[in-house]
Amino acid sequence: MPIKNRFAEMHDEITGWRRHLHENPELMFDTHQTSAFVEEKLRSFGCDEVATGMGRTGVVGVIKGRSDTSGRVIGLRADMDALPIHEATDLPYASKTDGKMHACGHDGHTSMLLGAAKYLAETRNFDGTAIVIFQPAEEGGGGGREMVEDGLMDRFGIQEVYGMHNWPGLAQGEFSIRPGPFFAAADQFTITVTGKGGHAAKPHETIDTTVVASHIVLALQTIASRNVDPVKQVVVSVTSFETSSNAHNVIPETVMLKGTVRTLDNDVQDLAEARLIHIAEQTAQTFGATADVNYIRAYPVMVNNPAETDFAADVARKVSGQCNDAPLIMGGEDFAFMLNARPGAYILVGNGDSAPVHHPKYNFDDAAIPAGCSWWAEIIESRMPVA
Ligand SMILES: [Zn+2]
Ligand SMILES: [Zn+2]
(Lines give C-alpha, C1' and ligand atoms only; values in the text may rest on other atoms or scores of the structure.)
(Ligands and ions follow the chains in the order given, each with its own letter.)
Protein backbone atom coordinates (compact mmCIF):
# COMPACT_ATOMS: atom_id res chain seq x y z
CA MET A 1 0.00 0.00 0.00
CA PRO A 2 1.92 3.11 -1.20
CA ILE A 3 0.85 6.75 -0.86
CA LYS A 4 -2.92 6.91 -0.77
CA ASN A 5 -4.26 8.26 -4.09
CA ARG A 6 -6.70 10.51 -2.28
CA PHE A 7 -3.79 12.52 -0.85
CA ALA A 8 -2.31 13.03 -4.32
CA GLU A 9 -5.69 14.52 -5.29
CA MET A 10 -5.76 16.67 -2.11
CA HIS A 11 -2.10 17.75 -2.39
CA ASP A 12 -2.82 21.24 -3.78
CA GLU A 13 -5.58 21.90 -1.26
CA ILE A 14 -3.42 20.83 1.72
CA THR A 15 -0.48 22.85 0.34
CA GLY A 16 -2.80 25.87 0.27
CA TRP A 17 -3.63 25.39 3.97
CA ARG A 18 0.05 24.97 4.77
CA ARG A 19 1.05 28.18 3.01
CA HIS A 20 -1.81 30.12 4.60
CA LEU A 21 -0.61 28.99 8.04
CA HIS A 22 2.98 29.77 7.07
CA GLU A 23 2.04 33.37 6.21
CA ASN A 24 0.27 33.77 9.56
CA PRO A 25 2.53 32.36 12.30
CA GLU A 26 1.50 32.58 15.96
CA LEU A 27 3.59 31.91 19.07
CA MET A 28 3.18 29.69 22.11
CA PHE A 29 -0.42 29.62 23.42
CA ASP A 30 -1.48 32.63 21.31
CA THR A 31 -2.50 30.42 18.38
CA HIS A 32 -5.98 31.95 18.20
CA GLN A 33 -6.25 32.35 14.40
CA THR A 34 -4.59 29.00 13.79
CA SER A 35 -6.90 27.25 16.27
CA ALA A 36 -9.94 28.90 14.66
CA PHE A 37 -8.71 27.79 11.21
CA VAL A 38 -8.29 24.20 12.45
CA GLU A 39 -11.70 24.23 14.17
CA GLU A 40 -13.44 25.53 11.04
CA LYS A 41 -11.80 22.88 8.86
CA LEU A 42 -12.63 20.04 11.28
CA ARG A 43 -16.28 21.14 11.39
CA SER A 44 -16.43 21.39 7.60
CA PHE A 45 -15.08 17.82 7.32
CA GLY A 46 -18.01 16.56 9.41
CA CYS A 47 -16.09 15.41 12.48
CA ASP A 48 -18.43 13.85 15.06
CA GLU A 49 -17.22 16.26 17.74
CA VAL A 50 -14.90 19.26 17.79
CA ALA A 51 -13.59 20.46 21.15
CA THR A 52 -11.77 23.76 21.61
CA GLY A 53 -9.95 25.49 24.46
CA MET A 54 -8.15 22.36 25.68
CA GLY A 55 -4.74 23.31 27.07
CA ARG A 56 -5.89 26.93 26.53
CA THR A 57 -5.89 27.02 22.68
CA GLY A 58 -5.72 23.34 21.71
CA VAL A 59 -8.31 21.83 19.35
CA VAL A 60 -9.49 18.20 19.24
CA GLY A 61 -11.58 16.43 16.60
CA VAL A 62 -13.38 13.10 17.04
CA ILE A 63 -13.92 10.88 13.98
CA LYS A 64 -15.83 7.64 14.45
CA GLY A 65 -15.17 4.72 12.13
CA ARG A 66 -17.95 2.90 10.29
CA SER A 67 -18.03 0.42 13.19
CA ASP A 68 -16.71 0.21 16.72
CA THR A 69 -16.45 -3.45 17.64
CA SER A 70 -12.75 -2.95 18.49
CA GLY A 71 -13.52 -0.30 21.12
CA ARG A 72 -10.17 1.23 20.23
CA VAL A 73 -9.48 4.97 20.45
CA ILE A 74 -6.28 6.22 18.81
CA GLY A 75 -4.94 9.79 19.16
CA LEU A 76 -2.93 11.53 16.42
CA ARG A 77 -1.18 14.74 17.46
CA ALA A 78 0.17 17.76 15.56
CA ASP A 79 1.61 21.02 16.91
CA MET A 80 0.49 24.48 15.71
CA ASP A 81 2.92 27.10 17.09
CA ALA A 82 5.69 29.08 15.37
CA LEU A 83 8.97 30.61 16.60
CA PRO A 84 10.19 34.15 17.39
CA ILE A 85 12.49 34.21 14.33
CA HIS A 86 12.72 36.77 11.51
CA GLU A 87 12.11 34.80 8.30
CA ALA A 88 14.82 35.09 5.64
CA THR A 89 13.48 32.86 2.85
CA ASP A 90 12.02 35.34 0.29
CA LEU A 91 9.28 32.78 -0.40
CA PRO A 92 6.06 34.17 -1.90
CA TYR A 93 4.21 32.83 1.15
CA ALA A 94 6.80 33.99 3.72
CA SER A 95 5.62 35.18 7.14
CA LYS A 96 3.59 38.38 7.07
CA THR A 97 4.54 39.11 10.69
CA ASP A 98 8.03 40.43 11.41
CA GLY A 99 9.79 38.38 14.04
CA LYS A 100 7.49 35.35 13.84
CA MET A 101 8.13 32.37 11.60
CA HIS A 102 7.06 28.75 11.15
CA ALA A 103 10.70 27.67 11.29
CA CYS A 104 10.00 24.20 12.74
CA GLY A 105 7.40 23.14 10.18
CA HIS A 106 4.46 22.98 12.59
CA ASP A 107 2.43 24.58 9.76
CA GLY A 108 3.20 21.41 7.80
CA HIS A 109 2.32 19.15 10.74
CA THR A 110 -1.04 20.88 11.26
CA SER A 111 -1.88 20.77 7.54
CA MET A 112 -0.94 17.10 7.16
CA LEU A 113 -3.07 16.10 10.15
CA LEU A 114 -5.96 18.19 8.78
CA GLY A 115 -5.56 16.37 5.46
CA ALA A 116 -5.68 13.02 7.24
CA ALA A 117 -8.75 14.15 9.23
CA LYS A 118 -10.56 15.12 6.03
CA TYR A 119 -9.77 11.74 4.47
CA LEU A 120 -10.75 9.79 7.60
CA ALA A 121 -14.04 11.69 7.92
CA GLU A 122 -14.81 11.02 4.24
CA THR A 123 -13.96 7.32 4.22
CA ARG A 124 -14.52 6.11 7.83
CA ASN A 125 -12.77 2.95 6.72
CA PHE A 126 -11.86 1.77 10.22
CA ASP A 127 -13.37 0.02 13.25
CA GLY A 128 -12.97 2.32 16.26
CA THR A 129 -12.42 6.02 16.92
CA ALA A 130 -9.73 8.42 15.68
CA ILE A 131 -8.93 11.52 17.74
CA VAL A 132 -7.02 14.30 15.98
CA ILE A 133 -5.16 16.53 18.47
CA PHE A 134 -3.85 20.01 17.60
CA GLN A 135 -1.71 21.47 20.38
CA PRO A 136 -0.28 24.94 20.98
CA ALA A 137 3.03 25.89 22.61
CA GLU A 138 5.31 23.01 21.67
CA GLU A 139 8.25 25.43 21.47
CA GLY A 140 8.95 25.76 25.19
CA GLY A 141 5.47 26.38 26.58
CA GLY A 142 4.48 22.81 27.42
CA GLY A 143 1.23 22.87 25.44
CA GLY A 144 1.25 19.08 25.39
CA ARG A 145 1.46 18.99 29.18
CA GLU A 146 -1.41 21.47 29.49
CA MET A 147 -3.65 19.44 27.19
CA VAL A 148 -2.92 16.27 29.20
CA GLU A 149 -3.57 18.12 32.49
CA ASP A 150 -6.81 19.40 30.97
CA GLY A 151 -7.98 15.78 30.74
CA LEU A 152 -7.32 15.11 27.06
CA MET A 153 -6.68 11.37 27.44
CA ASP A 154 -9.59 10.56 29.78
CA ARG A 155 -12.18 12.83 28.18
CA PHE A 156 -11.82 11.14 24.79
CA GLY A 157 -10.80 7.70 26.09
CA ILE A 158 -7.53 7.77 24.16
CA GLN A 159 -5.64 4.47 24.44
CA GLU A 160 -2.60 5.14 22.21
CA VAL A 161 -1.04 8.32 20.77
CA TYR A 162 1.14 8.94 17.75
CA GLY A 163 3.14 11.98 16.69
CA MET A 164 5.28 13.05 13.72
CA HIS A 165 7.96 15.66 12.99
CA ASN A 166 9.42 16.69 9.65
CA TRP A 167 13.19 16.27 9.47
CA PRO A 168 15.57 18.21 7.21
CA GLY A 169 18.44 15.99 6.10
CA LEU A 170 16.20 12.92 5.83
CA ALA A 171 15.17 12.30 2.20
CA GLN A 172 11.77 13.71 1.31
CA GLY A 173 9.03 11.14 1.91
CA GLU A 174 11.24 8.75 3.92
CA PHE A 175 10.63 7.86 7.57
CA SER A 176 12.90 7.32 10.57
CA ILE A 177 12.14 6.08 14.10
CA ARG A 178 13.68 4.38 17.16
CA PRO A 179 12.23 2.59 20.21
CA GLY A 180 12.98 3.75 23.77
CA PRO A 181 14.42 7.16 24.64
CA PHE A 182 14.40 9.28 21.46
CA PHE A 183 14.35 13.03 22.29
CA ALA A 184 16.17 14.38 25.36
CA ALA A 185 14.87 15.84 28.59
CA ALA A 186 15.28 19.61 28.29
CA ASP A 187 16.05 21.31 31.62
CA GLN A 188 16.66 25.05 32.11
CA PHE A 189 18.90 26.71 34.67
CA THR A 190 19.52 30.27 35.81
CA ILE A 191 22.50 31.00 38.06
CA THR A 192 22.66 34.39 39.75
CA VAL A 193 26.16 35.19 41.05
CA THR A 194 26.35 37.96 43.59
CA GLY A 195 29.65 39.53 44.70
CA LYS A 196 30.65 43.09 45.43
CA GLY A 197 30.66 45.69 42.69
CA GLY A 198 33.02 48.62 42.49
CA HIS A 199 35.58 50.59 40.49
CA ALA A 200 37.33 48.57 37.81
CA ALA A 201 40.64 50.15 38.79
CA LYS A 202 40.27 48.87 42.37
CA PRO A 203 39.51 45.15 41.94
CA HIS A 204 40.96 44.34 45.37
CA GLU A 205 38.04 46.22 46.93
CA THR A 206 35.47 44.16 45.03
CA ILE A 207 34.38 40.55 44.62
CA ASP A 208 34.45 40.43 40.83
CA THR A 209 31.43 38.45 39.64
CA THR A 210 32.65 38.30 36.01
CA VAL A 211 35.68 36.29 37.16
CA VAL A 212 33.59 34.11 39.47
CA ALA A 213 30.97 33.42 36.80
CA SER A 214 33.70 32.61 34.26
CA HIS A 215 35.11 29.97 36.62
CA ILE A 216 31.59 28.55 36.98
CA VAL A 217 31.14 28.35 33.19
CA LEU A 218 34.40 26.43 32.84
CA ALA A 219 33.76 24.17 35.84
CA LEU A 220 30.33 23.20 34.45
CA GLN A 221 32.13 21.64 31.47
CA THR A 222 33.39 18.92 33.83
CA ILE A 223 29.86 17.52 34.28
CA ALA A 224 30.04 16.04 30.77
CA SER A 225 33.78 15.35 30.73
CA ARG A 226 34.40 14.09 34.29
CA ASN A 227 31.11 13.19 36.04
CA VAL A 228 28.80 11.42 33.61
CA ASP A 229 29.67 7.93 32.33
CA PRO A 230 31.26 8.54 28.91
CA VAL A 231 28.99 6.02 27.17
CA LYS A 232 25.91 7.99 28.28
CA GLN A 233 24.60 11.25 26.81
CA VAL A 234 24.57 14.68 28.44
CA VAL A 235 24.75 18.26 27.18
CA VAL A 236 25.39 21.25 29.46
CA SER A 237 25.31 24.54 27.54
CA VAL A 238 25.62 28.02 29.05
CA THR A 239 23.80 30.24 26.58
CA SER A 240 23.62 33.64 28.29
CA PHE A 241 26.13 35.62 30.41
CA GLU A 242 24.65 38.92 31.53
CA THR A 243 26.34 41.33 33.94
CA SER A 244 24.70 44.13 35.89
CA SER A 245 27.21 46.62 34.43
CA ASN A 246 27.52 47.83 30.86
CA ALA A 247 30.35 50.27 31.55
CA HIS A 248 34.06 49.76 30.82
CA ASN A 249 35.07 50.87 34.30
CA VAL A 250 32.54 49.23 36.63
CA ILE A 251 32.87 45.76 38.13
CA PRO A 252 29.33 44.37 38.26
CA GLU A 253 27.66 43.39 41.50
CA THR A 254 25.83 40.48 39.82
CA VAL A 255 26.12 38.17 36.83
CA MET A 256 23.25 36.06 35.57
CA LEU A 257 24.04 32.86 33.66
CA LYS A 258 21.39 30.94 31.74
CA GLY A 259 21.55 27.63 29.94
CA THR A 260 20.17 24.18 29.32
CA VAL A 261 20.90 20.58 30.36
CA ARG A 262 19.91 17.72 28.03
CA THR A 263 19.84 14.09 29.14
CA LEU A 264 18.28 10.80 28.06
CA ASP A 265 17.90 8.97 31.35
CA ASN A 266 16.76 9.89 34.85
CA ASP A 267 19.97 8.91 36.68
CA VAL A 268 22.06 11.15 34.45
CA GLN A 269 19.52 13.95 34.81
CA ASP A 270 19.65 13.68 38.64
CA LEU A 271 23.45 13.64 38.59
CA ALA A 272 23.73 16.60 36.21
CA GLU A 273 21.32 18.70 38.28
CA ALA A 274 23.07 17.91 41.56
CA ARG A 275 26.54 18.59 40.13
CA LEU A 276 25.43 21.84 38.47
CA ILE A 277 24.04 23.22 41.74
CA HIS A 278 27.06 22.07 43.76
CA ILE A 279 29.61 23.45 41.29
CA ALA A 280 27.89 26.83 41.03
CA GLU A 281 27.45 27.27 44.79
CA GLN A 282 30.88 25.99 45.82
CA THR A 283 32.81 27.81 43.09
CA ALA A 284 31.16 31.07 44.08
CA GLN A 285 31.97 30.38 47.73
CA THR A 286 35.63 29.80 46.89
CA PHE A 287 35.84 33.41 45.69
CA GLY A 288 33.70 34.90 48.45
CA ALA A 289 30.64 35.31 46.26
CA THR A 290 27.29 33.51 46.34
CA ALA A 291 25.42 31.65 43.60
CA ASP A 292 21.67 31.20 43.60
CA VAL A 293 20.56 28.41 41.24
CA ASN A 294 17.09 28.07 39.77
CA TYR A 295 16.85 24.67 38.04
CA ILE A 296 13.69 23.74 36.12
CA ARG A 297 12.88 20.37 34.57
CA ALA A 298 10.95 21.62 31.55
CA TYR A 299 10.36 18.66 29.19
CA PRO A 300 10.94 15.01 30.19
CA VAL A 301 12.71 12.46 28.00
CA MET A 302 10.47 11.42 25.12
CA VAL A 303 10.29 7.62 25.15
CA ASN A 304 8.83 5.57 22.28
CA ASN A 305 7.08 2.36 23.39
CA PRO A 306 8.63 -0.67 21.64
CA ALA A 307 5.41 -2.34 20.38
CA GLU A 308 3.89 0.90 19.07
CA THR A 309 7.24 1.83 17.51
CA ASP A 310 7.33 -1.48 15.60
CA PHE A 311 3.80 -0.83 14.41
CA ALA A 312 4.57 2.77 13.38
CA ALA A 313 7.63 1.55 11.44
CA ASP A 314 5.53 -1.12 9.69
CA VAL A 315 3.06 1.57 8.64
CA ALA A 316 5.93 3.74 7.36
CA ARG A 317 7.20 0.79 5.30
CA LYS A 318 3.72 0.30 3.85
CA VAL A 319 3.57 3.97 2.86
CA SER A 320 7.10 4.57 1.58
CA GLY A 321 8.74 1.15 1.28
CA GLN A 322 11.33 1.91 3.96
CA CYS A 323 11.89 3.09 7.52
CA ASN A 324 15.31 4.14 8.81
CA ASP A 325 16.72 3.65 12.31
CA ALA A 326 16.74 7.16 13.80
CA PRO A 327 19.65 8.48 15.87
CA LEU A 328 19.22 9.80 19.41
CA ILE A 329 18.27 13.48 19.36
CA MET A 330 19.34 15.87 22.15
CA GLY A 331 16.55 18.33 21.29
CA GLY A 332 13.42 18.34 23.47
CA GLU A 333 9.88 17.50 22.36
CA ASP A 334 6.83 18.00 24.52
CA PHE A 335 4.97 15.11 22.92
CA ALA A 336 6.88 13.43 25.80
CA PHE A 337 4.01 14.43 28.11
CA MET A 338 1.49 12.58 25.92
CA LEU A 339 3.76 9.51 25.69
CA ASN A 340 4.08 9.57 29.50
CA ALA A 341 0.27 9.46 29.70
CA ARG A 342 -0.37 6.78 27.05
CA PRO A 343 1.67 4.27 25.02
CA GLY A 344 2.54 5.36 21.51
CA ALA A 345 5.31 6.40 19.15
CA TYR A 346 6.81 9.44 17.44
CA ILE A 347 8.26 9.29 13.93
CA LEU A 348 10.32 11.56 11.68
CA VAL A 349 9.29 12.22 8.07
CA GLY A 350 11.90 13.46 5.58
CA ASN A 351 12.01 17.13 4.68
CA GLY A 352 14.81 16.84 2.09
CA ASP A 353 17.57 19.44 1.90
CA SER A 354 15.86 22.32 3.72
CA ALA A 355 17.92 24.44 6.13
CA PRO A 356 17.70 22.98 9.67
CA VAL A 357 14.66 23.56 11.87
CA HIS A 358 14.79 26.85 13.85
CA HIS A 359 16.90 28.45 11.06
CA PRO A 360 15.63 31.66 9.35
CA LYS A 361 15.93 29.96 5.94
CA TYR A 362 14.16 26.76 6.99
CA ASN A 363 11.37 25.71 4.60
CA PHE A 364 8.85 22.91 5.01
CA ASP A 365 8.82 20.76 1.86
CA ASP A 366 5.25 20.48 0.60
CA ALA A 367 6.27 17.44 -1.45
CA ALA A 368 6.31 15.51 1.88
CA ILE A 369 2.57 16.07 2.42
CA PRO A 370 1.19 12.92 0.73
CA ALA A 371 3.60 10.65 2.65
CA GLY A 372 2.83 12.33 5.98
CA CYS A 373 -0.94 12.22 5.45
CA SER A 374 -0.78 8.61 4.30
CA TRP A 375 1.13 7.59 7.43
CA TRP A 376 -1.48 9.21 9.68
CA ALA A 377 -4.38 7.61 7.82
CA GLU A 378 -2.72 4.21 7.63
CA ILE A 379 -2.02 4.25 11.40
CA ILE A 380 -5.78 4.43 11.92
CA GLU A 381 -6.79 1.96 9.19
CA SER A 382 -4.12 -0.63 10.08
CA ARG A 383 -4.57 -0.41 13.86
CA MET A 384 -8.37 -0.61 13.64
CA PRO A 385 -9.12 -2.60 10.47
CA VAL A 386 -12.72 -3.06 9.39
CA ALA A 387 -13.71 -6.71 9.87
ZN1 LIG B 1 11.09 23.36 17.08
ZN1 LIG C 1 9.06 21.26 16.03
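By class, the lining of the largest cavity in this predicted model comprises one nonpolar, four polar and one charged residues. The residues concerned are H20, L21, N24, E26, Q33 and T34. Under the classification used, Leu counts as nonpolar and Glu as charged, so L21 is the nonpolar member and E26 the charged member of this lining. Two helices, α1 (5-23) and α2 (32-45), each contribute at least two residues to the lining. The volume of the largest cavity is about 30 Å³, and a search of the whole structure returns one cavity of 30 Å³ or more.

Of the two histidines, H106 belongs to helix α3 (residues 106-123) and H165 to strand β5 (residues 160-167), so the pair ties together parts that are 59 residues apart in sequence. Both histidines, H106 and H165, are buried, with relative accessible area under 20% as the criterion for that term.

A zinc ion (ligand 1) is placed 3.1 Å from the zinc ion (ligand 2).

Technical notes
Residues numbered from 1 in each chain as written. Chains lettered and ligands numbered in written order. Predicted model: local features only at pLDDT ≥ 70, side-chain atom pairs only at ≥ 80, totals over all residues. Heavy atoms only, no water. 1 Å grid on protein atoms, 1.4 Å probe; cavity = no way out; pocket = protein on both sides within 12 Å on 5 of 7 lines; lining within 4 Å. Points joined across faces, edges and corners; volume = space filled by probe spheres on them. Helix = DSSP H or I, 4+ residues; strand = E, 2+ residues; numbered from the N terminus. Donors = N, O, S within 2.8 Å, 3.2 Å for Na, K, Ca; no water. Buried < 20%, exposed > 50% of the residue type's maximum accessible area, 1.4 Å probe, protein only.
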